[in-house]
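Please read it beside the structure.

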Amino acid sequence: GQTPTSTPGSTPVPTPTPPPRRGVPPSAATATTEDAITAAAASQPPHGRGSGSASDATTKPRSPGRRGRGTITQKEERARGTAKTEQYATYLKAAGGWLFCTAFIGSLVAYATGAPLQSYTLQLWIDAMETSPIGSAKANLRCYWYAAAAGWLLINAILRNMLMPIGQLRAARVMHARMAHHVLRARISWFQASPIGRILNRFSSDVASIDQQVMITFRDAVARALEVISIVIM
């Protein structure tokens, strides 16, 4: 275990070598170190799993809504019951204001009075044909009255059916433009608190329900009320 060294004119001096570890041969020291490194690598958790490592926080971020109380999404509120008068007034104002309301309600009044008037003139014509010969002046006059009442009813029906889609289209455009104006100028926090599906429903199904139901409901309510009044008067 000694390597002799010699210099000219001197006695060779042995060079000492470090003694091996007790119980461990020199060739086994390298193998022991490699086994320790392998065992340490095997004890590491897989990439993306485990807890407390920096790689976990990078590969698997925690969702903002995981805590429950930390969410900012607001619960959707829905009104129940019948629509209020202010809501109908807002819709009619968007449909054209007082000018549209006057023309539309006037056509409804004219149509409501034309229906019983037509029935009344028809009854007069039948009575005239029973008491007077066919082709007499009285029977012809009552026939003209009935034709005028029928024409009045037809004109007002056409006018009513023309004004209603015009008001519906105008109200849809105005209300959609107002909604888009407010949504595009809303705060970022409002978008974070309102899911995108809820916003899309406001512009699709909710607007479609308003366009299809509000004007028809208003027309039927006014028409039924006028019919009752005209029947009572007649």
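Is the crossing of H5 and H7 left-handed or right-handed?

1. The crossing of H5 and H7 is right-handed, that is, the near helix is turned clockwise from the far one by less than a right angle. This is a predicted model, in which local features need pLDDT of at least 70, side-chain atom pairs count only at pLDDT 80 or more, and totals for chains, interfaces and linings use all residues. Residues are numbered from 1 along each chain as its sequence is written, and side-chain values use heavy atoms, with hydrogens and water left out.

2. Helix H5 spans residues 137-184 and helix H7 residues 196-233; their axes come within 10 Å and cross at roughly 145° (lines fitted to C-alpha atoms over the stretch in contact, with angles from 0 to 180 degrees between N-to-C directions). Contact (heavy atoms within 4.5 Å) involves residues including Met 164, Gly 167 and Ala 172 of H5 and Phe 203, Val 207 and Ile 210 of H7. The residues of this contact comprise 11 nonpolar, 3 polar and 4 charged (nonpolar: Ala, Val, Leu, Ile, Met, Phe, Trp, Tyr, Cys and Pro; charged: Asp, Glu, Lys and Arg; polar: the others, Gly among them).

3. The protein has 7 helices and 2 strands (DSSP runs, H or I of at least four residues and E of at least two, numbered from the N terminus). Along the sequence, the pattern is β-β-α-α-α-α-α-α-α.

4. Of the 234 residues, 20% count as buried (under 20% relative accessible area, with exposed over 50% and partly exposed in between, using a 1.4 Å probe and protein chains only). Cys 101 is buried at 13%, while Cys 143 is partly exposed at 24%.
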